Amino acid sequence: MDLQIVGRRAIVCAASKGLGRACAEALAAEGVELVINARSEAPLQETAETIRSKYGVPVTAIAGDITADSTRQAILAVCPDADILVTNAGGPPPGDFRDWGREEWNKALDANMLTPIFLIKEVIDGMIARKFGRIINITSGAVKAPIAVLGLSNGARSGLTGFLAGLARDVAQHGVTVNNLLPGPFETDRLTVTMAGAAKRQGVAVETIRNQRLAANPSRRFGKPEEFGAFCAFLASGHAGFLTGQNILLDGGAYPGTF
């Protein structure tokens with residue numbers, strides 16, 4: 001299927017590895033020009049070079065903390081006219097809410113709610129003027145089915161989700177869509193960290209936790225990042241213009257609800 005986005009320009013956050021990189025690669029495979037961001041310079045530059053060589057599209061790498069105004073402005077300086085924005089940031093650490101103070105909450109809100117909103121604010125009017133825009137936010141399956149130890153993520157990402165629900169309906173008439181992808185367990189560093197934390201808390205081997213989680217998922221496996229990337233690319237495509245304001249859960253069927 002031709003996704004009708006050859007030559008479009010995309011900003012992809014947290015793109016040096018994991019789900020962000022998978023999204024960047026899937027877009028590059030469709031001929032999209034990329035500006036990618038991550039905190040660490042070396043891994044980001046390696047990713048950029050790999051994508052350029054593999055897909056033959058222009059890739060600009062801007063390293064830095066996406067929550068910093070200076071980093072966002074550096075990205076927007078090289079891509080002021082993004083057609084596609086993929087917001088993404090690593091989730092805050094797990095824990096007990098009794099241990100979190102204002103600093104921990106502010107960090108979570110800054111990374112997982114406010115920063116995506118600030119990025120959207122900078123690109124959305126240009127999308128409206130050009131009558132095409134795709135905003136895709138990588139949030140978490142915990143938005144749909146909260147996980148107690150991920151309370152910082154639950155709160156911040158749910159706040160973002162509520163804001164975006166209104167925005168999506170406001171801009172749909174201009175050819176701009178806003179959708180959220182909610183990953184469940186995918187084979188990423190984030191999953192490895194959360195399983196290691198669970199193993200430590202329970203006093204068992206990481207492999208024990210891994211096997212338990214595999215057995216609990218209806219698919220009996222974890223997701224592959226490239227599966228996630230492919231879905232992101234479709235949401236960015238010319239075929240997805242009538243899909244907006246949705247929270248799309250990719251979790252192998254783990255969520256037990258009907259709706």
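Is Phe186 buried or exposed? Phe186 is buried, with a relative accessible area of 6%; buried denotes under 20% relative accessible area, exposed over 50%, and partly exposed the range in between (1.4 Å probe, protein chains only). The points below set this residue in context.

1. Basis of the note. The model is predicted: local features need pLDDT of at least 70, side-chain atom pairs count only at pLDDT 80 or more, and totals for chains, interfaces and linings use all residues. Residues are numbered from 1 along each chain as its sequence is written, and side-chain values use heavy atoms, with hydrogens and water left out.

2. Overall fold. The chain contains eight helices and seven strands, taken as DSSP runs numbered from the N terminus (helices H or I, at least four residues; strands E, at least two). The radius of gyration is 18 Å, which agrees with the value near 18 Å for a compact globule of 259 residues; the quantity is taken over C-alpha atoms, and the globule rule is 2.2 Å times the number of residues to the power 0.38. Along the principal axes, the C-alpha atoms fill a box of roughly 55 × 40 × 35 Å.

3. Burial and contacts. Of the 259 residues in the chain, 47% are buried. Contacts (heavy atoms within 4.5 Å) between residues at least 6 apart in sequence join residues at least 24 apart in 73% of cases.

4. First aromatic pair. A search of the whole structure finds two aromatic pairs. Trp100 and Trp105 form an edge-to-face pair, 5.8 Å centre to centre with 90 degrees between the planes. Rings of Phe, Tyr and Trp (its six-membered ring) pair if their centres lie within 6.5 Å; planes under 30 degrees apart count as stacked, over 60 as edge-to-face and the rest as tilted. Trp100 counts as buried because its relative accessibility is 14%, whereas Trp105, at 31%, counts as partly exposed.

5. Phe186 lies in the loop between strand E6 (176–183) and helix H6 (189–202) and Phe228 in helix H8 (residues 225–235), so the pair ties together parts that are 42 residues apart in sequence. Phe228 is buried, at 0% relative accessibility.

6. Surroundings of Leu152. Leu152 belongs to helix H5 (residues 151–171) and is buried at 2% relative accessibility. Not counting residues up to four places away in sequence, Leu152 touches Pro92, Pro93, Trp100, Glu104, Trp105 and Ala108.
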